[in-house]
Every structure is written in C-alpha cells, then in structure tokens.
Amino acid sequence: METGKAQLSVVEAWKEEKMTKVASKTQKKLHEISGWENKKTRKIESQIASLQRKMDGEKMEETEKLRSKKAAVHAKAREKKAKVQTRRAQEILHAEEEAVRLQATGQIPNKSSCSCF
C-alpha cells in the first residue's frame, strides 16, 4: 500500500508542476500580447494626435482609418489572448488526463522534472 501512496504522491507532484508551468507560460504569453497591444496602440494614438493637430478633410479620413486600425489591433489582441487561454485549457486537460492514466496504470512520470523525486 505504501508504494501506491508514493506513486500517487509522485503523480500528484508531477501534475501540480505541470499545471504551474502551464499557468506560468500562459501568464508570460498574455503579458507579451498586452505589451504588443500597448505599443501598437500608443503608436497609433500618437499618429491620431498628430493628424488631429493638422485637421482638414483628407486628414479626417486618415484619422478614421487609423481608428479602424486601432480597433483591429484590439481585436487581434483579443484573438491572440483567446488562443493562449484555449491552449492553456488544452494543456491542463492533457496533464489531468495523463495523471489519471499514470495513476490507473501505476506508472510514474518518466519525464519528471521535479527535482524532489
């Protein structure tokens, strides 16, 4: 019975480590996407402000194009963030399924990067 508990403990530690890595990777990606979005938005807002100072008929049209571009950047960022969140959910599901399989077969993860075991 002790071997079963030890194996369960190793699997749980592996699963927890996998979940932590997934969460960390997701946070990093979301942070990168937010930084990208902020940079693009600041640049576009700067261009809009510049054009508004010189406002005439043609410049107003250009301003509207830039506003559309800004909206597209926001939409793209939302899309990228959704993909990252979907990937996170898939990786968590995979880790949970793998942990269940390991527990059911009595195996220990062969690629355990947990240094405590």
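The paragraphs below lead through the helices, the nonpolar core, the salt bridges and a charged patch of this predicted model.

Because the model is predicted, local features need pLDDT of at least 70 and side-chain atom pairs count only at pLDDT 80 or more, while totals for chains, interfaces and linings use all residues. Residues are numbered from 1 along each chain as its sequence is written, and side-chain values use heavy atoms, with hydrogens and water left out.

Lysine 65 belongs to helix H2 and is partly exposed, with a relative accessible area of 48%, where buried means under 20% relative accessible area, exposed over 50% and partly exposed in between (1.4 Å probe, protein chains only).

The largest nonpolar core is made of five residues, Ile44, Ile48, Leu51, Leu66 and Val73. The elements that give two or more residues to this core are H1 and H2, and H1 gives the most, with three residues. A nonpolar core is a set of buried Ala, Val, Leu, Ile, Met, Phe, Trp, Tyr and Cys residues joined through side-chain atoms within 4.5 Å.

A search of the whole structure finds 10 salt bridges, each being a side-chain nitrogen of Lys or Arg within 4 Å of a carboxyl oxygen of Asp or Glu. One of them pairs lysine 25 with glutamate 91, the closest N and O atoms being 3.2 Å apart; this pair links distant parts of the chain, since lysine 25 is in helix H1 and glutamate 91 in helix H2, 66 residues apart. Lysine 25 is partly exposed at a relative accessible area of 43%, whereas glutamate 91 counts as buried at 16% relative accessibility. Lys25 and Glu91 are also linked with Arg87 in a network of salt bridges.

Another salt bridge is formed by the side chains of lysine 70 and glutamate 45 (2.8 Å, N to O). Lysine 70 lies in helix H2 and glutamate 45 in helix H1, so this pair ties together parts that are 25 residues apart in sequence. Lysine 70 is partly exposed at 22% relative accessibility, and glutamate 45 is partly exposed with a relative accessible area of 37%.

A further salt bridge joins lysine 76 and glutamate 79, with 3.9 Å between the closest N and O atoms. Because these two residues are three residues apart in helix H2, lysine 76 and glutamate 79 are separated by about one helical turn.

On the surface, Lys39, Lys40, Arg42, Lys43, Lys69 and Lys80 gather in a patch of positive charge. Patches are made of residues with over 30% relative accessible area and no salt bridge, with like charges joined within 9 Å and nonpolar side chains (Val, Leu, Ile, Met, Phe, Trp, Tyr) within 5 Å. Lysine 80, one of the patch residues, has its place in helix H2.

Key
Accessible areas come from the Shrake-Rupley method with a 1.4 Å probe; for residues, only the protein chains shown count as cover. Lys and Arg count as positive and Asp and Glu as negative; His and the chain ends are not counted. The place of a charge is taken as NZ of Lys, CZ of Arg, CG of Asp or CD of Glu. Helices (H or I, at least four residues) and strands (E, at least two) are DSSP runs, numbered from the N terminus.
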